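I opened this notebook to record what I looked up about surface patches and aromatic pairs. The entries follow in the order in which I made them.

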Amino acid sequence: MNSAKKVLQLGQLGARHISMSQAPMSAEKQAANYAKLKAKQAKFQVDDGQLVYLKGGVVDRLLYQFTVALCVIGLGLSGKVLYELSYPKKA
């Protein structure tokens, strides 16, 4: 009975430690973080004709092009498999 209470207390202590592990931020730090967030939101809200998923810069453009290339390669390989299954080699 005593060991069950210890296990229960240990579980509660662990949960409390996980949920309360971050120290609260100071008001100045919160204001600075809020200002950075607002600046980033303003950058994405500008109507400059650029797609929103490319507004992040060079890294976003590279990731987009990589994704498109993978889609094209996958589509091509799917077509190849369908062709090979439709016209099997005569052995």
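**Nonpolar patch**

I looked up the nonpolar surface and found a patch of about 550 Å² made by Leu51, Val52, Tyr53, Tyr64, Val68 and Val72. Patches are made of residues with over 30% relative accessible area and no salt bridge; like charges are joined within 9 Å, and nonpolar side chains (Val, Leu, Ile, Met, Phe, Trp, Tyr) within 5 Å. A salt bridge is a side-chain nitrogen of Lys or Arg within 4 Å of a carboxyl oxygen of Asp or Glu. Accessible areas come from the Shrake-Rupley method with a 1.4 Å probe, and for residues only the protein chains shown count as cover.

**Basis**

I note that this is a predicted model, in which local features need pLDDT of at least 70 and side-chain atom pairs count only at pLDDT 80 or more, while totals for chains, interfaces and linings use all residues. Residues are numbered from 1 along each chain as its sequence is written, and side-chain values use heavy atoms, with hydrogens and water left out.

**Aromatic pairs**

I found two aromatic pairs (ring centres within 6.5 Å; planes under 30 degrees apart are stacked, over 60 edge-to-face, the rest tilted). Tyr53 and Tyr64 form a tilted pair, 5.4 Å centre to centre with 35° between the planes. Tyr53 lies in the loop between α2 (27–45) and α3 and Tyr64 in helix α3, so the pair ties together parts 11 residues apart in sequence. Helix α3 covers residues 58–86; helices are DSSP runs (H or I, at least four residues), numbered from the N terminus. Tyr53, at 44% relative accessibility, is partly exposed, and so is Tyr64 at 36%; buried means under 20%, exposed over 50%, partly exposed in between.

The rings of Tyr83 and Tyr87 have centres 5.2 Å apart and planes at 50°, so this pair is tilted. I recorded Tyr83 as exposed at 53% and Tyr87 as exposed at 56%.

Methods: Helix = DSSP H or I, 4+ residues; strand = E, 2+ residues; numbered from the N terminus. Phe/Tyr/Trp six-rings, centres within 6.5 Å; stacked < 30°, edge-to-face > 60°. Buried < 20%, exposed > 50% of the residue type's maximum accessible area, 1.4 Å probe, protein only.
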